Every structure is written in C-alpha cells, then in structure tokens.
Amino acid sequence: MRARITVPFTLKLLYLLALAAFLAWLLRRYPQVTQKYERLWRGEPQLDPLRVSLHNPLILLEGKVEGSQLVLRLLRTYAAPYAEDLLIVVELHQLRGETVRMEVRKRVALGTFVTLTFPLSFSAEQLAGYRVEVYLNERLVAARQGDREWIPG
Amino acid sequence: MDPRLSRFTGALPPLALGVSLLLTLSYLSSTLGLACPTLDRTLVTKTVLAPLGLAGALFWSLLLLISSAGVKARGAPSALLMLSAPLALLASLLANTSLPLVAATLIVSLFWLHGGIGRLPLALSAGVCAIEALVIAYLLSWAAGAPLLLSAAWPLHFSLYCFLTPVMPPIVALSLLSPLLHPLVKGDVRFPSLRFLGSKSVLAAAIGACLMLWLVLYTSSLNPGAKLVGVDSKIRYYPHALVLLREGTPAVLRVGYDRPLSYLILLWLAARIGPFEAVKALPLISLALYVVACHTAARELWGKRVAGLAALLAPLSYTTTAGLFGGLFNNWFSLSLALLAAAALARWQRTGRVFWIPIFLLLLALAAAAHVYMGAVAFAVFTLLLFVQIVVGPRRRGAAALVIAQLVLLTVGLNAADTLIGGSGGQSPTRALRTLTDHWLRTMARRPLFSAAWWDDYSFAVFNYAATAALDPTVWLLTAIAAVIAGSRWLGGPLMTCWLAVIAALSFLSPREYIFRALFDFPYPLAEAVATAHITGLIERKWGARTATLWLTALLLFKLAYTVTFACGLAVGS
C-alpha cells in the first residue's frame, strides 16, 4: 500500500529551493575543517608509475635536515608483499671526520608514505653528509648518500 | 567456433577496457594528489598508484589492443584504434609518463560509448570484478601466511573510492537527511527478475562470508596469538566475563546493568567454553544472527529477492566494520532483535494475525534487555512509525492500540529494571538515560549544530573513531537512494524513514564519542538491498540481465574486498 501525497509543481519548486538553502547552510562550515583531516587523503602528486620504480619495495623520496634533526620521507610500495620488517640505517658524517650510526626497525604497511626523524646529537652545522640504507627482511632495498640539504631522489 | 570459446573471447574486450579504465582512474587520482586512508594495523594513508614499470606499460597497451578489438567501428576508425595501443606505449616510454596510455584509454572508451552507452557499465563492471577478485585472493593469501604477488591490484581497489574520501562526512550527514528528497521523486521501486537472489544458497553464502571474516580475525597468520579483536572485547567483555564467572548470575545485573540479556548469554557461554573463547565467539554469533535478522526482516518488508541481497550485504556493511572495530557485539545483538521485531510487526500488518503483536513486543523488550540504549532507539523508531501509521497508514486502530501497549511495556519494563538493577548495585536504566541526556544537552549548548566545531566532531567520527570503518561510500549512497525512492512504500519505506530520522537526530546531537555509536544504530543492509535491487532492476531493463548480473557481482566483490581489507587490518593490529 502506498501513502503518496500529490503536490503541485510550484510547491515542489519552493520545497526544492528551501531544501537547497538548508543544505547550503548545513555545509557552509565543512570546508573549514577539511584542512585538519587532509593528511588522511593527501598523497604524492608528482609520482608517475612509469617514472619511479614502484617495483622496488621501497623508495627514498626525500631527506633533509630540519633544525636539529634529519627527516626522511619514504614510500613503501606494493611490491614484495611478503617483506614486512624494515630496517633503516643512517650514518651521519661530521666535518671533523667522526661518523654517528643510527638504526630504526619498523613494520611499514604496503603502499604507505613514512616520515622518519633522526635527532642530531651534534650541531647541524657540523654535518658533512650522510648515508641512508634501508633493508627489508635483511635485504638491502634502497640506499642514498647526500649532503646536509637533500638526498637526490 | 565453439560457443564457449566464442563467449570467452567475447568477454575479453570489455574486461580489458574495464581494467584499463581502472588504471586510468588510479593514475588520475594519484595525479590529483589523492591517497586512501586505510586500516592496516593502525590508520595509515595508502598510495593509489599501481606499480607499472615497463612490464606494466606493456600490459596496459595489450589491454588497449584487446579492447580496441571490441569497438563496433568499421574501416579507418577501427584500424586507427588498433594502432593507438602501440603508439601510446611508444609515447609513454619515450616521454616517461603514463599520460599517453591514459589518453588512449579515454579515446577507446569514447568509441565504446559510440556502440551504445550500456557497454561502458558492462566494461567497468567486468574490470571491477577482475580487480576485486585479485584483491580478495591477495588478502586471503596474506591471511593464510603466504601472500600471493597480487598486491599490485590493491591500489586499483583504493582508487575506486578514494576521490570521495574528502567529502565523506557530508555524504554521511546528507544520506541521513535523504528522506527529505523523497517528495520530489516520482516513480516506485522496481526490482530485478534475478531469481537466484531468492534461493537459500544465497543465505548460505552470506553465512559463509561471516565465517570467513571470523577466520581472518582469529585463525589467520595475521593474528598468530589469536589475541582479542575489537576495543570492547579487550576492555569490557573479557574482564567482565571473568567477573561474571567468579560471582555468578547476580553479577549480571550489577556489571551488565545496561545489557543484562547479553551478559546472561556471555555468562552461559563463558561457563561452557571458557571466558576467552566466549569473547572470541561473540563476533561470529553477532555476524550470523545479523545476517538471519536482515534476511527475515527484508523478506517480510520487501520480498525474497531483496531478502537475499540483504543477507549478502549484511556482513559487508558499516555495521560489520564499525561493530568489529569497536567490539560492539551487544549493540549488534540488540539491533538484530530490533530487526526481528520489525519482521514481526510487518507480519502482523500483512496477515492481520494478532499473534504477532505479543511477539513484536517481546522482541522489542528483548532488544532493550540486550542493550538498553539500542533498545531505546528501537522503541523510539517503532513509536514514530506507529504514529505515522495512525495518520496515513493501514490498520490505524490497531496501531493506536499498539502504541498504548508499547507505552505500558515501557512503564512496566523500566520500573522492573530500575527496581531489579538498582537493588543489585548497578546503575538503573532511568539514571543511565538521565546521565546521558544531561551530557548531550551540555554538548548541544556548547557546540551549535553544523558549526565548524560540530563538523570537526562529525568528521572525527567518520574518519577516525572506528578508523576508516565509515569510508565505504556505497553504504551511504545506497542508503540515501533507498530512502529517496522507497520512502512511502508501506511498510518498509516509512520504517526506513522513521529509523533514519531518529538516527539523524541522535548522530547530529551526540557528543563526539557517541556519534559513531548513533550511526551504528541503523540496519544499513536493508536499505542497501532495496537500492541495489532497484538499480539492478533498472540496469536489467535497460541493458539486459548480463550487465545487471555483472554490476551486482562487481558491487558485492567491491564491498567484500573493502570488508576483508578492514578485517585484515584489524587482525594484524590486534
């Protein structure tokens, strides 16, 4: 059984306009909060699947010194799904010739961007360069060497 | 040619075009800077880029070549199209970008459209079926401890819905308000003739899906120690099961003051199979009962075919993802009982047999005893529905009598519960509801409706609270479609509208931590089944049974891949 009420077109139009105004009022503040959640759906727009080797299980996207820490950005691709344990070895070379070695073990999910920060135990001005090696299940999958500003990716 | 071989070769071009279109979607989504939030141990953001490389580019151009063969064009256009694949490959490799392949895919699609607009949904459905089958195979092999090298298909699954993620909170809110659009829509729901949906094997397949999800959670290599899954499993049910075992039945009212029936069952289970195993069994019981309840209610309200669809969709809905994440098994149990009450009400309305009225009242009382908050929601929904019936529906006098009977039941039930529970040291239902109401009123005063602070809370509930559980857009879009098209078809339409009205009010006015629990209170599979059946019916009439079956399979596989992805992420993080 149906309980439909027939309404004239003008009334429908008025209803539609009122509804549109209500929805516009309802949604007006939403754009303000999207910035807070943007990190959940923001990716890496400059990547092209033909340009970067997404068959490599790990890509070192970026490395730079920010204040008193070294920041690395990595992408764990969808390749080698059986490999889970990530070992990142960072060697920091100082101007006076000493080397500081740091290791981080981490399980990184497939297809995710990871940002890692390594605190510098000495003044950032003393940093001459660094080498980053990444192992997945004890196999070397990525290595980069750079100066204090940027690891060419 | 052998007819089977001919059918196989005929299916290849749409399949190839469908996969090419998904590769294009993945590329475009990634170029727009989109990624996909997913539960994988924790809430992570996954890239939607498929690993291509030289082999992938070759594969894509091969897909284009095959799909060009399916274009209904003669002479020069056909030859040019066949050439587009190698040319696009060459240009892509030379320029080191996927853009030429994307452009070639779009050109081939345009030619496909020229042969009839229905061919594109066919191709897309075929592509989605193929990709989702690979994703499910990968996920199940991962759960089995030997992941197949099919993970490259996963980003294509994410690219299917990631572009809607930024607007998911408004989509959720608007889907709850969708009955407002019903007065503007003409026409009625029309269901497909697909007979297999009415068979009992569909119900068996749905129960099989429940079992598969439970196996992923508790017996897979992702959760090697079979640790408890779900927030409440760890912080509520297991410690409470120990207390119940130690103190016996009197503790049911004290510890489980807001859910005595559920705790009585938990005590019974814990005494028989042990507290840990009892808590592990809860998700399977909740899932299976929900499937049966959705099937029963949908059969009474909409008929056999929608019932089959509702059963298939029950383990693949928001209720499952949010329920498993939060461990909301008592809420889930109560929702199932409320659905069975709806079935009893529908049976009374259809047959006029008074026998179903006490059954309805009993099931409603049991729903409240299983979880007082969910029971209160069900009570509000049915009262609202009966008032609507008194105004516009059939059996008006019976509905008025039933409202009075409900009010008597409420008064007697609340009085008895207050005396019993208050006497045993637990918080009485009246006090619990008063505390909750006070909390809500304070929140409403502090946070104006639809303000920036309100949207912040709502977005948090959608994105974070049950990490990505609410991000399957099909749940909300299909619910909205069902409310718009079926809003006045007695009894299912008004029931759905009343339920959505109550849920909308609750979720809009709730404090931040209660929004996702309020959203949980609606039987989404019922609405999804109505909308899916309607859309499948439309496709069947317009483009034939083959396209309709393929679209339905693609939708179900997408939802299965989404739910299994969620279950795997939950199991691995347990």
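Chain B brings 54 residues to its contact with chain A, and chain A brings 44; two residues touch when their C-beta atoms, placed from the backbone, lie within 7 Å. On the chain B side, α20(B) gives the most, with five residues. That side holds 32 nonpolar, 17 polar and five charged residues. Here Ala, Val, Leu, Ile, Met, Phe, Trp, Tyr, Cys and Pro count as nonpolar, Asp, Glu, Lys and Arg as charged, and the others, Gly among them, as polar.

This is a predicted model, where local features need pLDDT of at least 70, side-chain atom pairs count only at pLDDT 80 or more, and totals for chains, interfaces and linings use all residues. Residues are numbered from 1 along each chain as its sequence is written, and chains are lettered from A and ligands numbered from 1 in the order in which they are written.

Now to chain B as a whole. You will find 25 helices and two strands there, taken as DSSP runs numbered from the N terminus (helices: H or I, at least four residues; strands: E, at least two). Of its 574 residues, 56% are buried, that is, with 20 or more other C-beta atoms, placed from the backbone, within 10 Å of their own. The C-alpha trace spans about 85 × 55 × 50 Å along its principal axes.

Two helices of chain B pack together at an angle of about 145°, their axes 5 Å apart. Axes are lines fitted to C-alpha atoms over the stretch in contact, and angles run from 0 to 180 degrees between N-to-C directions.

| Helix | Residues |
|---|---|
| α16 of chain B | 356-370 |
| α17 of chain B | 372-392 |

Note on methods
A residue is buried if 20 or more other C-beta atoms lie within 10 Å of its own, exposed if 12 or fewer, and partly exposed in between; C-beta atoms are placed from the backbone.
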